[in-house]
Amino acid sequence: MQRFLPAACLAFCWIAALSLAAQDLQVPATVHAGSAFTIPTSGSGSATFYLIGPASRTKRQVQMGQEIQVKPQEVRDAGRYLAILRGGGASQSGSFYVLAATPASLSFLAHPSRIPVGQREGIIGVTFVFDKWHNLVRQPENVEFHLAVNGGPPISQTVRSRDGVAWLRMNSASKAGNAKFMATLRGIEEKRVIQQVAADPCHLQIKAERNAKGVLVETAPVRDCSGNPVSDGTVVTFTANGAGGLSTVDVPVKKDIAQAELKISGPATISVASGVVMGNEVKVGGQQ
Amino acid sequence: MKLAVLLVLATIACLILGFVFPVHQASTPGIVSGEALPGVGGTGNTPEAAVRSLLGDVQAHDWNQAYSLLANTNDVDKEAFIHDINGNYGSLRTFSSLEGSGTRVLNQSGDQALVRADMHWSTAVGPIYEVRELKVVQQGGNWKVVWPLEKQATVPPQVVPVNYLRWDVIYRGAQDDWGSQNVDSPQVRIVSMNAVQHGNTLVVVGEVVNEDTVPAFVDMNAILVGKNGQDLDQENSFDKIQHTLLPKQVSPYRIDFPGFNLSQIKSVRMDAKAMLVPASADPVIAVLDQHEQENVLGSKVLSGNLLNESGRTVNIAQVLATYYDSNGKVIWVSDGYVDRALLPQTPEPFAVDMPDNTVGKVQSYRVTVNHYIRQQS
Amino acid sequence: MNPTMEGVGTESCLVQGGSNTRLRVICALAAILAFSLTSFAAPAPSVQFDISHIGPRQMEEITGRNIPRDWGRAWQTMAIASDQNRPDLLGHYFTGFAQQKLSAAVAAQRKSGLRTRYIDHGHKLAAYFYSPDGGAIELHDTADLEIQVLDGNDLVHSERVTLHYVGLMTPAADHWEVRLLQSVPSF
């Protein structure tokens, strides 16, 4: 008998410990955001129920032996929740995860807002998928991207999201104009506008004519190599090299053409440049 | 008591000595050369004294006294004289004060003389040096200055249509959702960079272009990286750049690192920052008749005329000159402010320094103009 | 912590004579308070950063230093805000809905008289997605945490757990901000 006493004591202690240990609350492993559920309890008397979540931390009095109702608004935010029940000198707890609900919005980052035409993979679209409570939807979803330019065929591509993000690169069109860039998912639509602008001027050509005041210099319509007219306001530099020295003027393009009157009297060689692009040279004679 | 009497006597003696033996060409800041008290004493006993006296009155803003020292008051209106020397139309000169000056008689015969006046103006953007050669004549026993007033061209009343492009910017609001459409900063590119040694200053020069289709406010920073890869110093271009660049416009830049030597550095890290800003393509300023010449002091300068082709007065103009060698590499950038306003359709001369170490190496140059216009209320 | 508090306390404690027992007690309490204030300042947690699987954009050197730094500071801020019920502290390293949700949590627990204490034992942070324009980065964080829930001064719950978080950071003027902090069952 005495030999078995320590073992019996040990067994008794283990059983007591097990019985006294915080019994886990029976909570589901995962719940979708905004879904109500219940937590069963046993025993009698009142207890305090704590629900600790990512965006809510509440406590309320409940009755042991009755189911605890967890309301939809208490589990709107995705993340890990702790449910704690304290009453009758004991404490029980359980943790569960709230997962994002169905997609309801897209955060669509589109870059750049302006891009020269003909740029390979120059347009970037990144979307993050969220549910109606701004939880990231990690479930893979098919996000469709559309790029449409006036007068040109639309380009579409579907990308499967991973961990809430879908992204792609697209080429800019060869024709200048505002392009509508859209991301869609299950009827959710986000639109952006990408300005496709003319690239660097190409084949800059000028003509020069002497008049009473000096020399009137004018460019041919300034276009890029794809034939798109450059934006109004693009600066063109006229340079006149004559006997009196060098004369320069920076003139903005207006309605495809840049024009300036250079007040030079003698013969001169006139050249043109825009940015780092050079144009032709024209020689003019002296004033009559 | 004895000490006090001694000090008074010494002061009187110094005063007398100062009038009898004036100092030539001393450019003491704040005090006109050769005079103990500005505007006091010399009323024209010598040609040089007459000029010094005039400059003293200018410094003291005593326009009545200064005007009374002119020989050609029949030809020079008092208002015009004041505007000529003190500036008008909100020009840089109107924000300046005569800090000091020096005088030298170039030649003198009979009752005429030619006196060179070197004037040092203190302005909002730093010192400006002006040299004038003034003819001085003797009238009724006193020397008086013939003021060389250039008749300022008057712009005839007219309507000048302004139909150049203007850009405004509407940004995304603070309340807008993350991911909402916004406007991107302009794309600028550094076209060239060259580090040169100028005395005990390491200077980084080059050009930057606005590659975008919208105006950009550009700022240039450079970081010197030492032989061990550590950052030695960081500097900014400040006003040695044309900050507002229209689409496809090219600006030079210059960044100075005083006290550094080329042998200390491994590389230079450049950083061009560009911001989207409202801007206007107006005014257009032509740079005419650019040529190299020597100024009256014998220094090489690049000079020419600025022509404001718009209908608005440009209050302050800054000229930036880029010098290229035979390979088209930027070897220097110099700048200078024009201290007179650019009136519409009216040429205004300018001159900027060409440092000695660039003379002989310069194959070509390009001049651009920064402009500042006072806002209309 | 004010270091001079200890200095003053020490000097005062050098006064001779048994009649200064009260003074010595005060000195000791001051020292304990000073020390506890120091430890309460919750130093930034350690963050190991892994960029081996980053894409599509490669991480710049400076960004690679700043991301773990600002992530650690965000957690530090959240721990203090949650412990002291101060939602105003969340504004610098949190933004958007992350800031809104955390602020709501802190406000809710303050209303209920609760506090949540995070004792941070470090993070293993992996960069998952870095947008091509550099405007957003998605991170996967494995955090070693001790979480205590207090009701007033009563310790209601305590646990040591390893949790997984998906985070989204976007650049602010001179640092990165947390735009999303979402705990997930696994990666």
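Biologist: Hi! How many residues of chain B are in contact with chain A?

Modeller: In this predicted model, 30 residues of chain B are in contact with 29 residues of chain A. Contact here is a pair of residues whose C-beta atoms, placed from the backbone, lie within 7 Å.

Biologist: Which strands of chain B supply residues to that side?

Modeller: β14 (285-294), β15 (300-308) and β19 (364-372) of chain B each supply at least two residues of the side that touches chain A. β14(B) gives the most, with six residues. Strands are DSSP runs of E with at least two residues, helices are runs of H or I with at least four, and both are numbered from the N terminus.

Biologist: And what is the make-up of that side by class?

Modeller: The side of chain B that touches chain A has 16 nonpolar, eight polar and six charged residues. Ala, Val, Leu, Ile, Met, Phe, Trp, Tyr, Cys and Pro count as nonpolar, Asp, Glu, Lys and Arg as charged, and the others, Gly among them, as polar.

Biologist: Which strand of chain A does β14(B) pair with?

Modeller: Strand β21 (residues 245-252) of chain A pairs with β14(B) in the antiparallel sense, over three bridges. Two strands pair if DSSP finds at least two bridges between them. A:T248 stands opposite B:V287 in this pairing.

Biologist: Nice. Changing topic: how is chain A divided?

Modeller: Chain A has domain 1 (19-99), domain 2 (103-197) and domain 3 (201-284), with bounds from an automatic or database domain assignment. The centres of domain 1 and domain 3 of chain A, taken over C-alpha atoms, are separated by 78 Å.

Biologist: What is the strand order in the five-stranded sheet of chain A?

Modeller: That open sheet runs β1-β7-β6-β3-β4 (chain A), with mixed pairing. Its edge strands are β1 (30-32) and β4 (57-63) of chain A, each pairing on one side only. Inside the sheet, β6 (residues 79-87) and β7 (residues 90-99) of chain A pair in the antiparallel sense over nine bridges, and A:L85 stands opposite A:Q92 in β7(A).

Biologist: Back to chain B, how many helices and strands are there?

Modeller: Chain B has four helices and 19 strands. Buried residues make up 34% of its 377 residues; a residue is buried if 20 or more other C-beta atoms, placed from the backbone, lie within 10 Å of its own.

Biologist: Anything on numbering and confidence?

Modeller: Residues count from 1 along each chain as its sequence is written, while chains are lettered from A and ligands numbered from 1 in the order in which they are written. As the model is predicted, local features need pLDDT of at least 70 and side-chain atom pairs count only at pLDDT 80 or more, whereas totals for chains, interfaces and linings use all residues.

Conventions
Buried ≥ 20, exposed ≤ 12 C-beta atoms within 10 Å, placed from the backbone. Contact = placed C-beta atoms within 7 Å.
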